[in-house]
Protein chains: 2
Amino acid sequence: MKTPVLPAFPRPEGMTTHDYAFARLRQAIMVGAFRPGTSITIRGLADALESSPTPVREALRQLTSIGALQFLENRRIVVPRITPARFEELISLRIALESHAARRAVAHLSDRQIDRIVALDDAIETAIAAGEKAEALIANQEFHRRIYMGNPDQVAMPLIESIWLQLGPILGIAMEHVAELYVIDRHREAIEALRRRDEDAAAEAIAADIREGIGGFDHEAVGKLLALAG
Amino acid sequence: MKTPVLPAFPRPEGMTTHDYAFARLRQAIMVGAFRPGTSITIRGLADALESSPTPVREALRQLTSIGALQFLENRRIVVPRITPARFEELISLRIALESHAARRAVAHLSDRQIDRIVALDDAIETAIAAGEKAEALIANQEFHRRIYMGNPDQVAMPLIESIWLQLGPILGIAMEHVAELYVIDRHREAIEALRRRDEDAAAEAIAADIREGIGGFDHEAVGKLLALAG
DNA sequence: TTTCAGAAATTGTGATCACAAAAGTAGATT
DNA sequence: AATCTACTTTTGTGATCACAATTTCTGAAA
């Protein structure tokens with residue numbers, strides 16, 4: 001497999017080459033632009049980004065630290081492959097982390113912040129109705145992120161995003177092979193819990209949202225998806 | 001503050017310069033060798049390791065990805081400072097992550113593996129009795145790691161170690177200012193739970209171990225420790 | 001057709017250098 | 001003594017190059 005094409009990504013001025021490479025790759029992996037097993041080369045990326053190996057290598061190294069990429073023994077760089085068992089572990093960890101983060105955020109969220117979260121949920125439904133899967137996915141991530149980030153001393157978000165990155169590749173496959181995203185809407189439930197400042201209910205709503213969403217794929221379904229991807 | 005002295009660390013042959021720098025720094029931070037706020041320079045480290053900026057910069061970048069270091073706006077590299085609130089978040093996240101990991105490991109641990117874990121617990125007590133704080137700390141980490149790693153598809157360990165790294169600096173301060181490590185021994189309790197294959201009890205024992213160990217520092221105690229460190 | 005050895009191309013690694021930004025220093029001015 | 005300015009030093013950034021390991025390609029032999 002060759003180095004895949006990167007989705008466009010505007011470069012903010014003042015951003016270092018390294019940071020740009022990192023942000024762009026990270027985004028690409030998180031939204032499922034890469035297949036599991038895809039191999040990546042430093043020089044290939046450097047050419048694509050019109051830069052040189054040094055900053056690109058740093059970006060790739062950072063991505064391996066957070067589980068988004070993998071340096072093999074033979075020094076090849078690949079998007080990690082997923083097994084059904086590993087998938088299950090990731091989902092159960094996601095539930096543990098995110099219900100924890102939701103619980104710890106409840107007390108900090110103002111009504112104004114909750115309003116913005118509601119707006120994001122509307123954006124998700126708009127995107128789904130329009131059949132824009134990628135947009136819906138990004139909006140969904142933003143919905144979750146906005147909740148957890150309500151906690152100002154929050155330290156779980158980077159870990160949660162690490163899990164999202166590890167799920168990205170299989171998510172990309174799922175998006176291609178599933179006719180439409182049928183999002184079981186636990187979001188309303190979560191929002192109601194936030195408004196009531198009910199920590200237990202918020203944590204449970206988030207857990208259910210994950211469990212019934214991407215977590216809904218069972219052992220067999222994941223196996224089929226992976227087989228489809230080669 | 002200057003770049004601090006690194007604890008010795010033998011370099012396995014065949015290990016790349018980058019990997020060596022990463023492993024050595026990581027270890028140093030995890031065992032509390034650095035104070036919060038300590039600044040680090042690429043060239044300083046390169047000299048200390050008798051190498052060049054390129055591999056060192058990669059190592060530092062990786063360490064920032066897992067929260068062990070921080071690149072400031074002005075491009076300075078520092079060991080992150082901790083606030084009491086952040087400390088509390090880290091502890092509560094540690095409890096959530098590790099009790100989850102313990103629970104998911106129980107079913108996979110063989111009696112033989114549990115025996116080895118018991119041996120590690122003995123090593124901890126030996127180190128404590130001898131007043132060797134650093135050794136006790138490392139053995140304690142190894143005790144926890146060995147439990148969680150029993151799960152072959154485990155994905156939580158890197159995240160847990162990320163938390164350990166973020167707690168490392170304050171742990172170093174605590175070790176200097178606490179007369180002796182008084183480890184409330186929930187380890188026996190955890191081991192018993194493992195032997196009974198009791199997931200709930202194992203998770204709870206680990207949670208209690210953390211809560212009554214490093215988690216025992218309250219808001220005020222953490223503030224004092226940080227004040228001592230400047 | 002398959003297999004295997006050797007050449008060629010590709011790729012990660014790490015040292016070096018030029019550059020720009022930031023920090024630190026020294027001296028003059030108020 | 002305090003403050004500001006100009007100069008020097010330090011520091012992160014990124015491009016380049018040589019090197020070694022790996023992979024890929026090529027062609028001959030079975």
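How many residue pairs are in polar contact across the interface of chain B and chain A? The rule finds 14, both residues at pLDDT 80 or more, where a polar contact is a pair of N or O atoms within 3.5 Å; within protein, one must be able to donate a hydrogen and the other to accept it, and residues adjacent in sequence count only if both atoms are side-chain atoms.

Before clicking on: this is a predicted model, with local features needing pLDDT of at least 70, side-chain atom pairs counting only at pLDDT 80 or more, and totals for chains, interfaces and linings using all residues. Residues are numbered from 1 along each chain as its sequence is written, chains are lettered from A and ligands numbered from 1 in the order written, and side-chain values use heavy atoms, leaving out hydrogens and water.

Now select helix 4 (84–106) of chain B. With eleven residues, helix 4 gives the largest share of the side of chain B that touches chain A; helices are DSSP runs (H or I, at least four residues), numbered from the N terminus.

Stay on that helix and pick B:Arg104. Leaving aside neighbours within four places in sequence, B:Arg104 is in contact (heavy atoms within 4.5 Å) with A:Glu88, A:Glu89, A:Ser92 and B:Asn151.

Next, show B:Arg61 and A:Glu58: they form a salt bridge, with the closest N and O atoms 2.6 Å apart.

Notes
A salt bridge is a side-chain nitrogen of Lys or Arg within 4 Å of a carboxyl oxygen of Asp or Glu. Helices (H or I, at least four residues) and strands (E, at least two) are DSSP runs, numbered from the N terminus.
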